[in-house]
Amino acid sequence: MIEVKNLTKIYGGGVKAVDNISFRIEPGKIYGFLGPNGAGKSTTMNIMTGYLAATSGTVTINGYDIYRDAKKAKSCIGYLPEQPPLYMEMTPSEYLVFVANAKRVPFEKSIRQIKEVMTITGLAGVRNRLIKNLSKGTREKMQLMLVMSRRAKLYLLDEPIAGVDPAARDFILRTILTNYNEEGTVLI
């Protein structure tokens, strides 16, 4: 469960990106976060993940304050930012191993997760190509499956289908609908 109370974010110069919003997200559902460009959706998600500090207000993830209990709160989250960081000179295989090592995933578990990601996304055929040579849709599939392989309680996905072809869009949406457990929650 997520609870956002009186969240406000004011950038330098007095620009208010988020203006005193409150909402509650119950477990086991998929939610859509809608609004025009510049409405504060990405800013709110960045605050919810602890990547950005709020000017005021609170965010709790499964009872943990995102700032006071950051490690526990973040352990519940699988996050796909709007512009996910990718190392374009790596192959998908190298990148997935790199991320697993960075997150200190035990070796045996990381191998299982990488095989799962490769199978579900269809990346096995391109596992040795440079990421920079893959389509945007293929890169998005890879990132989505990397995030969802964490088996988190909460997935925050910032525009996971923006700019991808219809086949990739359908794959990504189908994956979101079928690859989270009944207790998990998705916010798109």
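This is a predicted model: local features need pLDDT of at least 70, side-chain atom pairs count only at pLDDT 80 or more; totals for chains, interfaces and linings use all residues.
Residues are numbered from 1 along each chain as its sequence is written, and side-chain values use heavy atoms, with hydrogens and water left out.

Tyr87 has a relative accessible area of 46% and is partly exposed, whereas Tyr95, at 5%, is buried; buried means under 20% relative accessible area, exposed over 50%, and partly exposed in between (1.4 Å probe, protein chains only). Ring pairs also bring in Phe98, giving a cluster of Tyr87, Tyr95 and Phe98.

Another ring to look at is that of Tyr51. The charged end of Lys74 sits over this ring, 5.8 Å from its centre; the rule asks for NZ of Lys or CZ of Arg within 6 Å of the ring centre and within 35 degrees of the ring normal.

Now follow the chain to strand S6, residues 77-80. Helices (H or I, at least four residues) and strands (E, at least two) are DSSP runs, numbered from the N terminus. From S6, Ile77 and Tyr79 point one way, Gly78 and Leu80 point the other way, and all are buried. S6 pairs with strand S7 (residues 154-157) in the parallel sense over 4 bridges, the criterion for pairing being at least two DSSP bridges between the strands. Within S7, Tyr155 is the bridge partner of Gly78.

Helix H4, residues 107-121, holds Ser110. Ser110 is buried at 5% relative accessibility. Setting aside residues up to four places away in sequence, Ser110 touches Ala100 and Val105, with contact meaning heavy atoms within 4.5 Å.

Our last stop is Ile25, in strand S2 (residues 15-25). Ile25 is buried too, with a relative accessible area of 3%. Beyond its neighbours within four places in sequence, Ile25 is in contact with Met1, Ile2, Tyr31, Thr185 and Leu187. Arg139 lies 114 residues from Ile25 along the chain, and 29 Å separates their C-alpha atoms.

How values were computed: Rings of Phe, Tyr and Trp (its six-membered ring) pair if their centres lie within 6.5 Å; planes under 30 degrees apart count as stacked, over 60 as edge-to-face and the rest as tilted.
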